[in-house]
Amino acid sequence: MIGKRGRVTGRVGPGLVGEVMISVRGGAEAFYAYPADESSVIEIGQQILVVDFEEPRTVYVQRWRTM
Amino acid sequence: MDETLLFGIGGVIFAVLILFLLLRALWRVAEPNEALIISGLGARGLRDTADSLTFKIVTGKGVLVLPGFQTARRLSLDTRVADLQVSCVTSQGIPVHVRGVVIYKVGDDYASIANSARRFLDQQDRMDDKTHSLFAGHLRSIVGSLTIEDMLHNREALTAQVRHSSADEMSKLGLIVDSLQIQEIEDTTGYITNLGKPHAAAIAASARIAEAQRDQEATEAEQVANAKKAAAWRDAQIKSASYQAEIDRAKAESEQSGPLAMATSRQLVVVQETKAVELEADLAEQKLQAQVRKPADAKAYQTRTLADADRDAQIARAEAQAREIELRAAADATRVKAAATAQAEATRATGEAEAIAAKARGLAAAEATRAQGLAEAEARKAQGLAEAEAISARSAALAENPDAVVAQQLAEKWPEIVEAASKAFGNVDHMVVFNGADGVSDLLTKALSMGGTGLGLARQLMDAMKSSPENVTPSITPSENGIPAKFTA
């Protein structure tokens with residue numbers, strides 16, 4: 001799960017419960033997302049990288065920029 | 001041999017059939033929308049479930065379940081729907097009655113399935129009621145943190161609030177909220193209705209404006225189109241009429257072409273007939289010329305020539321006669337002239353001779369007269385006295401018988417009178433007498449008869465003198481040289 005990339009469908013930021021769509025188990029599922037560094041805000045539609053995962057459906061993400 | 005083989009085949013088939021039925025009874029397959037929860041002998045999860053309840057979760061594949069030692073339960077992973085009806089208050093304090101729906105399911109991961117299986121495995125039918133109660137509270141808190149405008153328009157805020165309020169509890173229950181929809185908001189205060197009224201009024205106004213404008217444009221377009229249609233109809237009628245006129249004209253021309261051609265041909269016929277008639281007339285004229293006029297001309301020419309000849313003959317005859325008369329008159333004149341000339345010569349010679357003689361006689365007589373004068377004077381004196389007496393006597397006699405006196409006097413003087421009458425012709429040089437010889441004798445007769453008439457004349461004079469005898473002294477005195485005596489009164 002960690003290291004997967006996904007897309008923000010609900011705004012991720014401090015004090016918010018964001019939502020990201022991640023491809024997993026042959027489908028795409030929505031996960032609750034929190035910023036990994038507690039301060040950054042990731043808007044809807046941006047790509048993220050999962051840096052940590054917590055059962056059952058919580059991920060910590062940071063912004064992912066394609067090189 | 002055959003039977004042994006047959007039995008062998010039959011036994012194999014039977015054995016396979018038995019095996020199939022056995023597997024069919026013991027083998028369980030988890031379909032994609034469910035999870036098999038297997039518990040019992042030897043049920044060990046692959047992961048760290050060993051330290052709690054030991055059960056095995058199977059998804060998407062089959063597993064052999066030992067009857068009596070193990071049990072397999074199915075947990076549906078299907079989407080579930082729970083209707084929500086909540087009376088609550090918005091963040092603006094407006095009481096609303098919200099009716100919504102939440103769509104959720106059991107999470108696909110093992111943790112969610114395990115949480116869910118522990119809570120709902122025997123209560124799957126009543127899961128909706130439980131989630132309804134759960135979500136009613138969540139929805140109440142969600143609505144309380146939103147305004148009506150956000151609920152109506154701001155879907156992002158709604159979903160964020162749903163996640164914020166329900167994420168932890170959902171994780172505990174192993175459920176995932178796919179969607180939460182607010183289907184209906186009953187607003188007892190009329191807030192929503194009033195919210196839309198300005199827009200509705202504006203939209204209605206703009207709609208009416210647009211309708212009126214479109215109606216106006218449509219009407220204008222319709223009128224323009226009608227005008228164009230009318231113009232087109234008029235043009236079409238005009239063209240149609242003109243074409244019809246052309247058709248009629250062509251038809252009339254074609255209809256008239258027959259009579260026209262007939263008339264033209266008839267005209268040509270008439271022309272030819274006229275020429276023929278003219279030729280016939282010419283022929284008749286030529287015939288007349290040849291048969292009538294030429295003979296008439298010839299006859300006229302003959303008649304004219306004859307008349308000319310006759311006239312010429314008559315003229316010649318008259319000219320000849322006139323010439324003859326002229327010549328005869330000239331001859332007569334010549335003859336008369338000669339005679340007169342001769343007579344004049346003779347008379348002149350006689351006169352001259354007599355003049356000479358008279359001259360000589362005069363000279364002699366003058367001497368004699370002069371000598372005699374004195375004597376005669378004496379004689380005459382005496383004679384006068386005697387004559388005076390005689391005259392007085394004659395006058396007395398004349399008064400008594402004048403005719404006798406006059407006759408006597410005339411008888412005494414008759415020779416002188418005749419001589420005087422003949423002397424009248426002596427002075428004529430050239431006399432033309434048309435009656436010829438008879439004329440001359442006639443002339444002479446007239447001259448001589450004058451003496452006779454002189455008698456009558458004298459008688460008239462005497463009658464006149466009788467009325468005044470003192471004033472009249474008629475006397476006839478003969479001249480000395482024989483010239484006719486002058487009769488004085």
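Predicted model: local features only at pLDDT ≥ 70, side-chain atom pairs only at ≥ 80, totals over all residues.
**Exercise 1. State how β3(A) and strand β5 (residues 58-63) of chain A pair, and over how many bridges.**

Solution. 
- The sense is parallel, over four bridges. Strands are DSSP runs of E, at least two residues, numbered from the N terminus. Two strands pair if DSSP finds at least two bridges between them.

Residues are numbered from 1 along each chain as its sequence is written, while chains are lettered from A and ligands numbered from 1 in the order in which they are written.

**Exercise 2. Describe the pairing of strand β2 (residues 18-24) and strand β3 (residues 27-35) of chain A.**

Solution. 
- These two strands run antiparallel, with seven bridges.
- A:M21 has A:A30 in β3(A) as its bridge partner.
- Two residues lie between the strands of this hairpin, and A:R25 has a positive phi near 55 degrees.

**Exercise 3. Find where confidence is lowest and highest in chain B.**

Solution. 
- Start with the chain: mean pLDDT (the predictor's confidence in each residue, from 0 to 100) is 81, and 83% of residues reach 70 or more.
- Lowest is strand β10 (residues 486-488) of chain B, at a mean of 42.
- Highest is helix α1 (residues 2-26) of chain B, at 90. Helices are DSSP runs of H or I, at least four residues.
- For the complex, the predictor gives an ipTM of 0.82 and a pTM of 0.45.
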